Amino acid sequence: MFAFSANATDCDNACMLQQAEKYFQALDRVAKRGSTQQDIDNLIALMHDSVKYEHIEYGADFDKKAWAEAFARQLKKGAYQNGPENEIRILNVIYGKTHAAVEYSHGLRKEDGTWQPDMKMFALFGYTDNKISLIREYW
């Protein structure tokens, strides 16, 4: 009985998917023209206090504060210029205990309502206390 109740607070598959979807929606908002520091704050607020962001190829290894600062620097440089047609979508998820492998793509919503994906990407998401505590990018 104790083991069952201890795992009851783990982020289940539906929770992991919901958290990943919220992350990509907030990331989309940050990347849009006219985004603000509040958009960055909203994105970072989704994360666990001990979150780590890692990008293997680019050598990124950020804690929550450093990650927020990196977004703020990019915002000040004017790097976020996506239009309303830009959208990130999750293509596939493989669930594990407290982790999910997420295949996703940036893409464009066309006038006819269809979505045209770009290059497929992969990230490993980790979860603690029903929040994202790790994003490790592999593209």
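In which sense do strand E4 and strand E5 pair, and over how many bridges? The views below are of a predicted model, in which local features need pLDDT of at least 70, side-chain atom pairs count only at pLDDT 80 or more, and totals for chains, interfaces and linings use all residues. Residues are numbered from 1 along each chain as its sequence is written, and side-chain values use heavy atoms, with hydrogens and water left out.

**View 1. Pairing of strands E4 and E5.** Strand E4 (residues 99–109) runs antiparallel to strand E5 (residues 115–128), with 10 bridges between them. Strands are DSSP runs of E, at least two residues long, numbered from the N terminus; two of them pair if DSSP finds at least two bridges between them. Alanine 100 has phenylalanine 125 of E5 as its bridge partner. The two strands form a hairpin with 5 residues between them, and glycine 113 in the turn has a positive phi of about 90°.

**View 2. Pairing of strands E5 and E6.** E5 also pairs with strand E6 (residues 131–137), in the antiparallel sense and over 6 bridges. Threonine 128 has lysine 131 of E6 as its bridge partner. This hairpin has 2 residues between E5 and E6, and its turn contains aspartate 129, with a positive phi of about 55°.

**View 3. The segment of residues 1–8.** Here pLDDT (the predictor's confidence in each residue, from 0 to 100) stays under 50. For residues 1–8 the model has 1 contact (heavy atoms within 4.5 Å) beyond four places in sequence. The chain as a whole averages a pLDDT of 93, and 94% of its residues score at least 70.

Key. Helices (H or I, at least four residues) and strands (E, at least two) are DSSP runs, numbered from the N terminus.
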